[in-house]
Each structure stands twice: as C-alpha cells, then as structure tokens.
Amino acid sequence: MAEPFAVGSHVRVREVLHGAEWAAWDERVVGDDGVVLATVKADGTPMVFPEHPVPHPWGHLDAWTGTTVLKLRRSEDWYTVWKFFGPDGAFMSWYLNFETPVVRTADGVDVNDLQLDIVIAPDGAWRWKDVEHLAPTLASGRITADELLATLTAAADVADLLERDERWWSPWDGWAPERHPG
C-alpha cells in the first residue's frame, strides 16, 4: 500500500510518454486510503505541455475548461475512473479512461493515456469511445503492442464488471463537487 496523500493537498499529475513528461497539471486530493487515490481536476485548472517529439492533442489549451472531474485511481489498474460534472455542478457521466497503471511519486502521479475509453450515462448505459484511434496510435508508435494488449485485456475485464454491475467505484456515486457562492 502506498503512503497516502493528505486530503486537501494538491498532487502533480504528469502524463509521461516515451520516458518524458508530455503534459502536467495539479489536482486536489479528496480521498486517499493508499489503495484508491481520489482527486479533482476543476474547471479552469492550468495545464502545461513541455516540448516533446510527439505533439499532445490538448497542447493548444492553457487550461481544462467546461467540466470538473473526480478521478479515482488504483495502482495496478490499466484505467482510471472519471466522474464528470458540468459547469453548474450537475453530474454528467462516468468515464473510464484507459491508461498505464498510475505510478505514485513524492509529489503526485505519472500516467500515460492509451486512447480507449468507456462512457457511462447516468442511467448506467455504457458505450466504447475512441476505438477507432487504437490502430493509428499503435502504428505511430505512441503506444506499444504490449500496452495495447494490456489495454484490451483491461477493457474486457471492465466490460465484464459493467455487465455484472460490479463497480468498485460505486462508493463515490453520491460525491459531488463543493459549491462555493460567487
């Protein structure tokens, strides 16, 4: 079990591609028991994109805009569970973002997005997202064959969880971002 981050602290999230930082931003810790790290990426969170041989698809952005996202990470999983909220704080959807297993560092976490996603509507209906990007991403060298195989294995496991309605993240169903009067 990892040493937990303090609730209320901020962690640095780094996307690392081919051994080099590709993108970075801060997220606020809302829970961490050493197994599940729960963070929030708020609407307006500044993002940076260091020079890298592979352009980041969000590289034109200075900040995350439009939504606030609760993110639930477990160290061995090849995905992170996201819970999206609109600008008014209303729940929009769950989202499973397939990525390399999170690596905890002294000040945050390192991850790498692997393209494939699942979107889960408020009524529980779910669908695949970005399947069409897997082959081009592999062909370009952005992900390796081993990463693709691990992603597809994790995707099958997650689909099975969803079909059985066995969501380990269900304790977070009632969580919503704090509202602060303007």
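Let's start with Asp32: its bridge partner in β3 is Leu37. Keep in mind that we're looking at a predicted model. That pair belongs to a set of four bridges joining β2, residues 20-32, to β3, and the two strands run antiparallel. Together β2 and β3 make a hairpin, with three residues between them. If you look into the turn, you'll find Gly34, which has a positive phi of about 90 degrees.

Now, β3 has another partner. With β5 it pairs over six bridges, again in the antiparallel sense. Here you can find Lys41 standing opposite Val69 in β5.

So how covered is β3? Residues 36-41 make up this strand, and six of its six residues are buried. In general, side chains in a regular strand alternate between the two faces of the sheet. In β3, Val36, Ala38 and Val40 point one way, while Leu37, Thr39 and Lys41 point the other way. Both sets are buried, the lysine included.

Let me finish with the cavity. How many cavities of 30 Å³ or more does a search of the whole structure find? The search finds one, and the space in the largest cavity comes to about 70 Å³. Its lining is made of Val13, Glu15, Trp25, Trp58, Lys71, Arg73, Trp82, Asn97, Glu99, Val111 and Asp113. The elements giving two or more residues to that lining are β1 (10-17), β5 (68-74) and β7 (91-99).

Conventions: Residues are numbered from 1 along each chain as its sequence is written. This is a predicted model: local features need pLDDT of at least 70, side-chain atom pairs count only at pLDDT 80 or more; totals for chains, interfaces and linings use all residues. Side-chain values use heavy atoms; hydrogens and water are left out. On a 1 Å grid over the protein atoms alone, a cavity is a set of points where a 1.4 Å probe fits but cannot get out, and a pocket is an open set with protein on both sides within 12 Å along at least five of seven lines; lining residues have an atom within 4 Å of a point. Grid points are joined across faces, edges and corners, and a volume is the space filled by probe spheres set on the points. Buried means under 20% relative accessible area, exposed over 50%, partly exposed in between (1.4 Å probe, protein chains only). Two strands pair if DSSP finds at least two bridges between them.
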